[in-house]
Amino acid sequence: MLTITSRLFELQDKGYAKFQSGLIPTLPKEVFIGVRVPELRRFAEHYATERESSLFLKSLPHQYYDENMLHAILISEQKSYEDCLEAVENFLPYIDNWAVCDILSPKVFKKNRHQLIDKIYFYSKSAHVYSCRFAIVMLMSHYLDDAFKAEYLEIPAAIRSDEYYVNMALAWFYATALAKQWAETIPYLQELRLTPWVHNKTIQKARESFRITQEQKSYLLTLKR
């Protein structure tokens, strides 16, 4: 029987592997097989029902970027919150790039936000770059709409990091928060609550957003540091 890796190589697109390696320069080129995300999702849809799936999720660390992408997609489809959370916690220490981190988006988390928030507080304090980034992205994905509380804006504001991929996530979070919860978020810029780099990157990303009004964009310019 073909191994998971062998089956992924059957879906290989070498041109796409080269493209992906350019987007993720922190990883060596050799770890990219070159499987496109829609192909990975289709593969996961059929593969998730196989008994081999559970073995694959336990076979960490993986050698290839594409295996980690598949791993994240499989976790994201799990139905049980407890099983999904356990799988996430087993996998987080092995995430070594932004793309795998950001595709890890468990659907079951939305229905369990009251439990998840404690984990987000915990992950946000992690020294591991992608555990911290995961916390920020989950907070942005699940807590800026109907589950929003102003106190949640404090979680990323407390993060101080020299890591580019953490700081980019912080700017992404606050730019999205400005679009969805302007009144509660704008004081973080007015009161200089963020580091200068995150502050200015938040303004840049917010001004690039179609969800921010022209009047708001003009005002944001006056707040640049």
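1. A contact here means heavy atoms within 4.5 Å. The model is predicted: local features need pLDDT of at least 70, side-chain atom pairs count only at pLDDT 80 or more, and totals for chains, interfaces and linings use all residues. Residues are numbered from 1 along each chain as its sequence is written, and side-chain values use heavy atoms, with hydrogens and water left out.

2. Leu-70 touches Ile-4, Leu-8, Leu-40, Phe-43, Ala-44, Tyr-47 and Phe-56, with residues up to four places away in sequence not counted.

3. Leu-70 and Phe-109 have the most contacts inside the largest nonpolar core, which has 81 residues. Such a core is a set of buried Ala, Val, Leu, Ile, Met, Phe, Trp, Tyr and Cys residues joined through side-chain atoms within 4.5 Å; buried means under 20% relative accessible area, exposed over 50%, and partly exposed in between, with a 1.4 Å probe and protein chains only. Helix α9 (residues 129–142) gives the most to this core, 10 residues. The core lies between domain 1 (1–111) and domain 2 (113–224), because both give residues to it. The domain bounds come from an automatic or database domain assignment.

4. The protein chain has 15 helices and 0 strands. Both are DSSP runs numbered from the N terminus: helices are H or I with at least four residues, strands E with at least two. The radius of gyration is 19 Å, close to the 17 Å that the globule rule gives for 225 residues, so the chain is as compact as a globular protein of that length. That radius is taken over C-alpha atoms, and the rule is 2.2 Å times the number of residues to the power 0.38. Along the principal axes, the C-alpha atoms fill a box of roughly 60 × 40 × 30 Å.

5. Of the 225 residues in the protein chain, 52% count as buried. Among contacts between residues at least 6 apart in sequence, 68% join residues at least 24 apart.

6. Helix α11 (residues 164–180) has 17 residues and should span 24 Å at 1.5 Å a residue; its end C-alpha atoms are 24 Å apart, which agrees. The expected span is 1.5 Å times one less than the number of residues. In α11, 13 of the 17 residues are buried, so the helix is largely enclosed by the rest of the structure.

7. A search of the whole structure finds 0 disulfides, a disulfide being a pair of cysteine sulfur atoms within 2.5 Å. The sulfur of Cys-84 is 14 Å from the closest cysteine sulfur, in Cys-101, too far for a bond. Cys-101 is in no disulfide either, and its nearest cysteine sulfur, that of Cys-132, is 9.4 Å away. Cys-84 counts as buried at 0% relative accessibility; Cys-101 is buried with a relative accessible area of 1%.
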